[in-house]
Amino acid sequence: MKTIIEPFKIKMVEPIRLTTHDQREAILQHAHFNPFLIPAEDVLIDLLTDSGTSAMSSEQWAGMLRGDESYAGARSWFRFERVMKDLTGMPHILPTHQGRASERILFELLGGPGKVVPNNSHFDTTRANAEHSGAQAVDLLCEDGKKPRLRHPFKGNLDTAKLEALIHQVGPEQVPLCMITVTNNSGGGQPVSLENIRQVRGVCDRYKIPLFLDACRFAENAYLIKVREPGQGTRSVKDITREMFDLADGATISAKKDGLVNIGGVLLMRDDKLAQRANNLLILTEGFVTYGGLAGRDLEAMAQGFCEVLDEDYLHYRVRSVEYLGEGLLRAGVRIVEPPGGHAIYIDAADFCEHLTPDQFPGQALLCALYRHGGIRAVEIGSVMFGKVDPTTGKTFHPSMQLVRLAIPRRVYTQSHMDYVIEVVGEVYANRESIRGLRITEAPEVLRHFTAKFEEV
């Protein structure tokens with residue numbers, strides 16, 4: 001069948017407030033041309049992020065009613081622990097309120113001045129937490145992953161030759177851990193192959209360096225392994241997922257992605273001593289080790305979500321609906337990161353707005369055009385998010401790609417919503433020469449994309 005159907009029925013709806021072009025123009029200016037500062041009720045289709053924006057199932061809502069709110073040793077905690085141990089095989093399960101809390105604990109323990117943390121591509125909070133500890137975050141994405149229109153099945157792979165060269169350069173004692181982000185969010189939502197994880201594991205073993213996964217989208221990565229990697233097609237997604245975690249010494253997870261919940265995170269570890277130190281920090285900053293800053297009802301929803309996300313009918317629909325959006329944009333002449341990944345479509349903003357220089361923030365300018373024309377909210381992954389200014393020379397360093405991410409919330413939008421997105425983006429593309437560049441008028445020192453203010457030039 002060519003028609004994509006959602007493998008679920010809709011039991012509750014939330015109305016969308018329709019706005020006019022003039023209303024959106026005023027809203028955009030009031031938000032200083034930053035979609036993060038637009039009230040959600042003024043957005044028609046919200047593709048800002050897939051983090052915490054999922055629709056929960058009837059079983060998850062039922063689990064929330066069963067939540068045990070005991071401070072210590074709640075039955076909801078024990079159910080959550082059982083699910084995570086079965087899923088990952090990790091002996092130490094630390095609940096946190098979201099993924100960045102797991103990252104903060106991890107890098108407080110293993111980061112620090114002089115340390116170097118390699119990754120295929122750090123995403124924003126991972127990089128910020130590593131660098132906040134004083135460590136240097138280094139991206140070692142394979143070269144294929146930097147070419148938007150190159151069709152390669154695993155453009156999220158970490159370049160193992162670059163990893164070995166980095167270790168030789170700084171010394172293995174300065175590399176406290178290596179990370180792999182699955183799927184690779186900064187580089188187009190591209191998956192990492194099982195073979196690549198095995199190869200990175202081999203390098204880490206040779207130099208006695210722990211390997212951690214940033215596993216926010218582990219199920220989508222495992223499904224793409226199943227359908228794209230030779231020899232994996234007959235295996236279950238659950239089995240592939242377990243092997244991914246078996247190859248790692250630990251993981252950080254934002255349950256707000258493949259956990260199918262609105263809040264929650266996990267820190268996973270194998271090392272007993274490191275886990276004890278992490279538990280001490282967890283109690284200090286998050287809560288007792290059996291709730292980690294979450295209510296018992298949240299633990300119930302997470303446990304159920306981590307079970308549901310492995311359903312292969314759901315994953316087929318999830319990945320295929322993202323492909324559908326990408327195919328529609330390609331037919332409209334819009335260049336994207338190919339092939340489509342697991343959770344989002346990434347528009348090549350440098351090509352879309354080729355009349356704008358990186359200093360004019362083409363990705364951010366495109367965000368504004370999409371909201372102005374159709375009420376769509378998305379996020380920039382380019383010079384706003386990852387550009388850096390040398391404090392000595394004042395020179396600006398731009399990332400290799402200028403992207404706009406259309407992140408699709410799980411189980412929220414239908415195929416007709418995606419048709420609307422395709423139509424809006426296509427119409428903006430037809431009039432792309434009218435898109436004006438931007439300059440920053442106000443911004444914080446770190447994670448500036450969240451709160452920066454702009455004006456048009």
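**Notes on the predicted model**

1. Helix α8, residues 218-228, is mostly covered, with 10 of its 11 residues buried. These buried residues are F218, A219, E220, N221, A222, Y223, L224, I225, K226 and R228. They pack against α3 (75-88), α7 (194-206), α9 (237-246), α11 and α12 (312-331).

2. Four bridges join β5 to β6, and the two strands run parallel. Within this pairing, M179 stands opposite F212 of β6. Together with α7, the strands β5 and β6 make a right-handed β-α-β unit.

3. Is N185 buried or exposed? With a relative accessible area of 3%, N185 is buried, because the limit for that class is under 20%. Setting aside residues up to four places away in sequence, N185 touches F123, R217, H343, Y346, I381 and R405.

4. In helix α5, the buried residues are D124, T125, T126, R127, N129 and A130. The elements against which these residues pack are α4 (99-110), β4 (136-139), β5 (178-181), β6 (211-214) and α15. After α5 comes G134, which has a positive phi near 105°.

5. How many aromatic pairs does a search of the whole structure find? The search finds 11 such pairs. A pair of aromatic rings is described by the distance of the centres and the angle of the planes. F123 and F386 form an edge-to-face pair, with 6.4 Å centre to centre and 75° between the planes. This pair links distant parts of the chain: F123 is in the loop between β3 (116-119) and α5 (124-132), whereas F386 is in helix α15 (residues 383-386), 263 residues apart. F123 counts as buried because its relative accessibility is 13%.

6. Ring pairs also link F8, Y314 and Y317 into a cluster. Y314 lies in helix α12 and is buried, with a relative accessible area of 6%. The C-alpha atoms of Y314 and E6 are separated by 8.0 Å, although these residues are 308 residues apart along the chain. Apart from neighbours within four places in sequence, Y314 is in contact with P7, L260, E308, V309, R410 and R411. Elsewhere, R432 lies over the face of Y429, at 3.9 Å from the ring centre.

7. T290 is found in the loop between α10 (272-285) and α11 (296-308). Its relative accessibility of 10% is the reason why T290 counts as buried. The side chain of T290 reaches the backbone nitrogen of G73 at 3.0 Å. The residues that T290 touches, not counting those up to four places away in sequence, are Y71, A72, G73, W77, P95 and L299.

8. Most residues other than glycine have a negative phi, and most peptide bonds are trans. A cis peptide bond joins E338 and P339, with omega of about -10°; P339 lies in the loop between α12 and β9 (344-348). F361, a residue other than glycine, has a positive phi near 55°. F361 is placed in the loop between α13 (349-352) and α14 (362-374), and is buried, with a relative accessible area of 9%.

9. Phi is also positive at L447, about 50°, although L447 is not a glycine. L447 is found in the loop between β15 (438-442) and β16 (453-456). To which accessibility class does L447 belong? L447 is partly exposed, because its relative accessible area is 28%.

Key:
Residues numbered from 1 in each chain as written. Predicted model: local features only at pLDDT ≥ 70, side-chain atom pairs only at ≥ 80, totals over all residues. Heavy atoms only, no water. Phe/Tyr/Trp six-rings, centres within 6.5 Å; stacked < 30°, edge-to-face > 60°. Buried < 20%, exposed > 50% of the residue type's maximum accessible area, 1.4 Å probe, protein only. Lys NZ or Arg CZ within 6 Å of the ring centre and 35° of its normal. Polar contact = N/O pair within 3.5 Å; in protein donor to acceptor, adjacent residues only side chain to side chain. Contact = heavy atoms within 4.5 Å. Pairing = 2+ DSSP bridges. Right-handed = clockwise from strand over helix to strand, strands pointing away.
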